[in-house]
Structure formats: C-alpha cells, structure tokens
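Thanks for coming. I have one structure to go through today, so please look at it while I talk.

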Amino acid sequence: MYELIKNLGTWLTSGSQWTGTDGIAHRLAEHLQYSLLATLVAAAIGLPLGLLIGHTGKGAFLAINLASFGRALPTVGLVVLVFLAGGLSMLPVYVALVALAVPAIVTNTYAGMTAVDPDVRDAARGQGMRGHQVLFQVELPLALPLIMTGLRLALIQVVATATIAAYVSFGGLGRYVFDGLAQRDLVQVLGGAVLVAVIAVGLDLLLSALQRFLFRHRTA
C-alpha cells in the first residue's frame, strides 16, 4: 500500500506528466470543458422548466418523478445508444451528461419555487404585480438558494460522470482510468480517480462559498 501511494504521488507530481496532449493539464481542461458545457445546456433546459412548473403549479408530477428517472438512468447505456444512432462524436457524451444534470436542476428549482410563502405571492399580486413580475421579482429571488443548490448538485454529478467521454475514445480525466485499466496500470487508474474527486470537491467548495457570499445578508 505504501509503495502504491508513493508511486501515485510520483505520478501526480512528475513535471512530464503535466505537459503535452496526454498531460494532466490538457486532460483537466478537456474534462472541465465537457462538464461546464453540459451543465450550462442542462441549466438552459432545466431552469425554465422548473420555474414554469413551480410558478403555475402544473406538471408537479413531472418534477417529482424526474429525480427518480435521473437516478435510474443508465448513463453508459445512453452513451452507447446515442453513439450507435449518431456515430463517433462528442454528442453521445453531452446527451448523457445533460440528461443526468437536468433532473437535479428541475427538481431543486421546483422545490425552491414551492417553498415561497403563498402569502408573499398574494401580497405581490395585491400590489398590482402581474404574473411575470411576481415570478421574476418575488418568487425567483426567494427560490435562488435552492436553485443554486440544484446547480451545484448537477455540476458535481456531471464532473464525476464526464469520465465516460473516454469510453467512446475522447479525452478528459477518464482517459487515465480507461487507459490504466486496459494497461493494468493501477497507479494511472488511481491517479485519474483522485483527480476527478479533487476537481469535484474543489468545484463544490467553490460554489458553496459563492452561494454563501451571494446570500450572506439573508442569514445575517
């Protein structure tokens, strides 16, 4: 075990390991690109849907059951299915990652909207606000903490799952995991897994700090 940890440390800190198209820096940039783009697309889909459901109260059944669907979705199976239908490209990876992220965003956005006190909505309407004004000036600001939590969850899930890009011969940190398994190189496998875990935890801490900063006055 000690020898394995020592070799892992050497692998992670070696200067040559960080350079070139197969280096950690390049693979990390690829991994972040896949993750951030997929999360942005998922947010563009999930946020309006969650806001609409929460504001109108229609489609709550969809929001409640979407989370279960997302957890049960076979990500690798979806990648293979889209790969067979669309050919060799990043499309299957992005489809799978977006499908993974949308449920968390929709359900947390819906939960944030439903957590808004109905009396606050009624008071806003009593002051003459129209539907869209109530949504954007009252409901959305109050729901933002839970919406941010949903975005955090979605991003961390996507970062952890973006290793599947290597499954269809693309890059990212998953390249170390799949190549290491093929070569029976345990150090490389562990190195890839550690890097993914560090990135996921680091992004979660960063977004958590941002969330606390943005809503610091609410808890003061």
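Let me start with a single residue. Leu 210 has a relative accessibility of 39%, so it counts as partly exposed, since that class lies between buried, under 20%, and exposed, over 50%. Keep in mind that this is a predicted model. Leu 210 sits in helix H9, which covers residues 186-214.

Now the overall picture. The protein has ten helices and zero strands, so reading from the N terminus gives α-α-α-α-α-α-α-α-α-α. Of the 220 residues in the protein, 43% are buried.

Next, helix H7, residues 131-161.

H7 has a packing partner, helix H5, made of residues 91-114. The axes of H5 and H7 are 7 Å apart and meet at an angle of about 150 degrees. Angles over 145 degrees count as roughly antiparallel, and H5 and H7 are therefore roughly antiparallel to each other. The crossing of H5 with H7 is right-handed. Sorted by class, the residues in this contact are 16 nonpolar, seven polar and one charged.

That is what I have for today.

Conventions. Residues are numbered from 1 along each chain as its sequence is written. This is a predicted model: local features need pLDDT of at least 70, side-chain atom pairs count only at pLDDT 80 or more; totals for chains, interfaces and linings use all residues. Side-chain values use heavy atoms; hydrogens and water are left out. Axes are lines fitted to C-alpha atoms, for helices over the stretch in contact, and angles run from 0 to 180 degrees between N-to-C directions. Helices (H or I, at least four residues) and strands (E, at least two) are DSSP runs, numbered from the N terminus. Angles under 35 degrees count as roughly parallel, over 145 as roughly antiparallel, 65 to 115 as roughly perpendicular and the rest as oblique. A crossing is left-handed if the near helix is turned anticlockwise from the far one by less than a right angle, and right-handed if clockwise. Ala, Val, Leu, Ile, Met, Phe, Trp, Tyr, Cys and Pro count as nonpolar, Asp, Glu, Lys and Arg as charged, and the others, Gly among them, as polar. Buried means under 20% relative accessible area, exposed over 50%, partly exposed in between (1.4 Å probe, protein chains only).
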